Amino acid sequence: YHPGDFVIYAYGGGGPLHVGSYGRDIGVSLALVSPFAPAFSAFGIAGCDIRRQYTRSHPMPFPAPAATLNAIFGELEEEARREAAGELVLDRALDMKFRRQVHNVRIPAPGGELKENNVGELLDSFEQSYEKIYGKGTAYRKAGVELSAFAVTATVKTYKPKLKALPPQGESPNGARVGERQVYFDRFVTVPVYRMERLAPKNRIAGPAVIESPATTALLHPDQRATVDAYLNLLIEMV
């Protein structure tokens, strides 16, 4: 995976301060700074689904009989149902590798009663996943394939916080400007300072600039820009 294909979520006390530098260096074009950045981990865990994983090491050559796969998956799923409260979502997976290799590749497995044709599909899925990681042509079925472990993930869905979209207030961020400060970019530059909690949707800030909140600071480098979206996130465009 290439970092340029993704958006960086910069959170915590230090992430928004440094993302303008490291995000640009690794080729990312956009970073998102949540208004909850200092408490982003806590915000996430408050709405996180409850998950528990059940695994069993059971090395065997692959393809393996469908009946064997059904039996082991069935035992793991029964254990999950005994221990978890609420409505469960069960997801299956297999850890597989080519013979004599050390590292496994985890592939999803279908639910329900597996048939012999499903076993062949799992083998194809393993090869496709392997080549996605290690490159086209790296899978070599003649080396032999080994199944290392079974995994069942039991998920209980929880309530998710609902974020409220706010109406746009125009591009000018002057209502949030509180002063100026000297910042060093190869040399000292006088830059405007804004309060993050005073920014409104659609505000645009051209770098260099400092955007402060009670528990974190975002820094825009020269030629970078930030736009405030409807949920008060800062969307920082890298250059």
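Reply: Here is a tour that begins with the sheet and then turns to the salt bridges.

A word on the ground rules: this is a predicted model, in which local features need pLDDT of at least 70 and side-chain atom pairs count only at pLDDT 80 or more, while totals for chains, interfaces and linings use all residues. Residues are numbered from 1 along each chain as its sequence is written, and side-chain values use heavy atoms, with hydrogens and water left out.

The sheet is open and has four strands in the order β3-β6-β4-β5, with antiparallel pairing. Its edge strands are β3 (50–62) and β5 (105–109), each of which pairs on one side only. From one strand to the next, the twist averages 25 degrees. Strands here are DSSP runs of E with at least two residues, helices are runs of H or I with at least four, and both are numbered from the N terminus. Two strands count as paired if DSSP finds at least two bridges between them.

Now look at β4 (residues 88–98), which pairs with β5 in the antiparallel sense over five bridges. Here L94 stands opposite I107 in β5.

Two helices pack on this sheet. Helix α3 (residues 66–83) touches β3, β4, β5 and β6 (145–156), and its direction makes about 160 degrees with that of β3. Helix α4 (residues 116–134) also touches β3, β4, β5 and β6, its direction making about 140 degrees with that of β5. Contact means heavy atoms within 4.5 Å. The angles run from 0 to 180 degrees between N-to-C directions, with axes fitted to C-alpha atoms, for helices over the stretch in contact.

On to the charged pairs: the structure holds 15 salt bridges, each a side-chain nitrogen of Lys or Arg within 4 Å of a carboxyl oxygen of Asp or Glu. One of them joins E237 and R225, whose closest N and O atoms are 3.0 Å apart. This pair links distant parts of the chain, with E237 in strand β13 (residues 234–237) and R225 in strand β12 (residues 225–228), twelve residues apart. E237 is partly exposed at 24% relative accessible area, and R225 is partly exposed at 34%; buried would mean under 20%, exposed over 50%, and partly exposed lies in between (1.4 Å probe, protein chains only). Salt bridges that share partners also join R181, R195, E197 and E212 into one network. Within it, the side chains of E197 and R195 meet at 2.9 Å, N to O.
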